[in-house]
Amino acid sequence: MITNLRFENFTAFEGLQLSLSPRVNVVIGSNGTGKTHLLKAIYGLGSACQLQLGGKSDKELAAVISQKFLRIFSPEEDKVGTLHAAGAQAPARLSLVMSDESRVAISFSGRSKNLQMDLNADGAAASLQPVFIPTKEVLSLVRGMRHPSHDRATVEMIFDDGYIDLAELLVRPGFDEHLSRLEEDPRLSSIIRQLVALVGGRYLWTNDNAFKFQPGLYEERADPSRSAATTAQAYQDSTVTRFVAKGREAFSSGMTAEGYRKIGVLHRLLCNGSINPGKTSVLLWDEPEANLNPKLMKKLVQVLLELSRNGQQIILATHDYVLLKWLDLLMDRKGKEDHVRFHVLQRQDSDGRMAVHSTDDYAQLVNTGISKTFGELYDAEIERSVQGISL
């Protein structure tokens, strides 16, 4: 688990310190306040931890990690100094601390071509490997990103490494790829079934090197491989949960709604173990609400809370009032020990610096831009209703 973050002189942040919840964290802020940069920075630090395991020299390692940061943020200039806060004199420094007190940190100046790294390789920080889900859906893009006839340099000019890395995770085979059984991890059975029921099917990586959507649902069926003589067994011991296809054959993922594809990304990552609550590192999701029907938001929030109850640390960035409100309404602090921490990024009027306010109390979000906007809509609706009555 990541417990603390600190950024100094990095992009929009002159100084930022965050204490993270081990369960769900929600980053809120207007456009340009650095929400995506915060998520990408965490992902970059985790990627740096993985790259340092390759046995390279310090000089080689600095070059490789610096290139990875550039691929994640995609600035126009090919040097990490571009990510230094404009006008700041002191070096930029990013650091995170894990629950076992191990840490990882990087630093660089405005003129730096490569960054410097400081890693406690004996603790949990050394194995930090976050999963980053960007704003746009990726399932329908994977075929184009990985197609052998497409020029790799062109693909990398279009997509940063947040998209490219996720594409590689999505094509990993999962336990539902062939037998479609959930018994391999009963702990996730309920979550995976909920996701499939939400969109009415699943997305499969096919021999055509593309994702296709297969309509259907998971159902409990008798297990033909077990002896019919064992009638004394409990019902659940003589059945298996399998995916049962419905109606027409699988069809192109691009023909399904983009919101469904975003749900499909989460389903795929759970099925192939890229997200494994309690074992894998933090899940970073940038605007999960983008292109998602508000009707689906309640179920998605229920799934995210269930993942956190099973040990998955989650950091979301959002503009969405519906997502925030469902988190407030659905969390069970007493019975299931849910914990959601809100981190509000705001640019101060006095000096333009970025400030952060963290709270575990949803009621304290009334002064955010999101709440104010929805409050204005509500007031306008009431005013129109009153005017209609008076007429």
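User: By class, which residues make up the lining of the largest pocket?
Analyst: In this predicted model, the lining of the largest pocket comprises 13 nonpolar, 13 polar and 6 charged residues.

User: What volume does the largest pocket have?
Analyst: The volume of the largest pocket is about 660 Å³. Its lining has 32 residues, and those closest to the centre are Gln 50, Leu 128, Gln 129, Pro 130 and Val 131.

User: Which elements give two or more residues to that lining?
Analyst: They are α1 (35-51), α2, β7 (131-133) and α5. The largest share, 5 residues, comes from α5.

User: And the second largest pocket, what is its volume?
Analyst: The second largest pocket has a volume of about 200 Å³. Its lining consists of Gln 67, Leu 70, Arg 71, Ser 74, Pro 75, Glu 76, Glu 77, Asp 78, Glu 156 and Met 157. By class, that lining divides into 3 nonpolar, 2 polar and 5 charged residues.

User: Are Arg 71 and Asp 161 buried or exposed?
Analyst: Arg 71 and Asp 161 are both buried.

User: Moving on to the total, how many salt bridges does the structure hold?
Analyst: There are 17 salt bridges in the structure. One of them links Lys 68 and Asp 165, whose closest N and O atoms are 2.7 Å apart. Lys 68 lies in helix α2 (residues 58-73) and Asp 165 in helix α5 (residues 161-170), so the pair ties together parts that are 97 residues apart in sequence.

User: Why does Lys 68 count as buried?
Analyst: Lys 68 counts as buried because its relative accessibility is 15%, and the cut-off for buried is under 20%.

User: Which residue does Asp 118 meet in a salt bridge?
Analyst: The side chain of Asp 118 meets that of Arg 103 in a salt bridge, at 2.5 Å from N to O. Asp 118 is in strand β6 (residues 116-119) and Arg 103 is in strand β5 (residues 103-108), so the parts tied together are 15 residues apart in sequence.

User: How do Asp 118 and Arg 103 count in terms of accessibility?
Analyst: Asp 118 has a relative accessibility of 31% and therefore counts as partly exposed. Arg 103, at 31% relative accessibility, also counts as partly exposed.

User: Change of topic: where is Arg 202 found?
Analyst: Arg 202 is located in strand β8 (residues 201-205).

User: Is Arg 202 buried or exposed?
Analyst: Arg 202 counts as buried because its relative accessibility is 6%.

User: What separates the C-alpha atoms of Arg 202 and Ala 250?
Analyst: The separation between those C-alpha atoms is 9.3 Å, while Arg 202 and Ala 250 are 48 residues apart along the chain.

Conventions. Residues numbered from 1 in each chain as written. Predicted model: local features only at pLDDT ≥ 70, side-chain atom pairs only at ≥ 80, totals over all residues. Heavy atoms only, no water. Helix = DSSP H or I, 4+ residues; strand = E, 2+ residues; numbered from the N terminus. Buried < 20%, exposed > 50% of the residue type's maximum accessible area, 1.4 Å probe, protein only. Salt bridge = Lys/Arg side-chain N within 4 Å of Asp/Glu carboxyl O. 1 Å grid on protein atoms, 1.4 Å probe; cavity = no way out; pocket = protein on both sides within 12 Å on 5 of 7 lines; lining within 4 Å. Points joined across faces, edges and corners; volume = space filled by probe spheres on them. Nonpolar A, V, L, I, M, F, W, Y, C, P; charged D, E, K, R; others polar.
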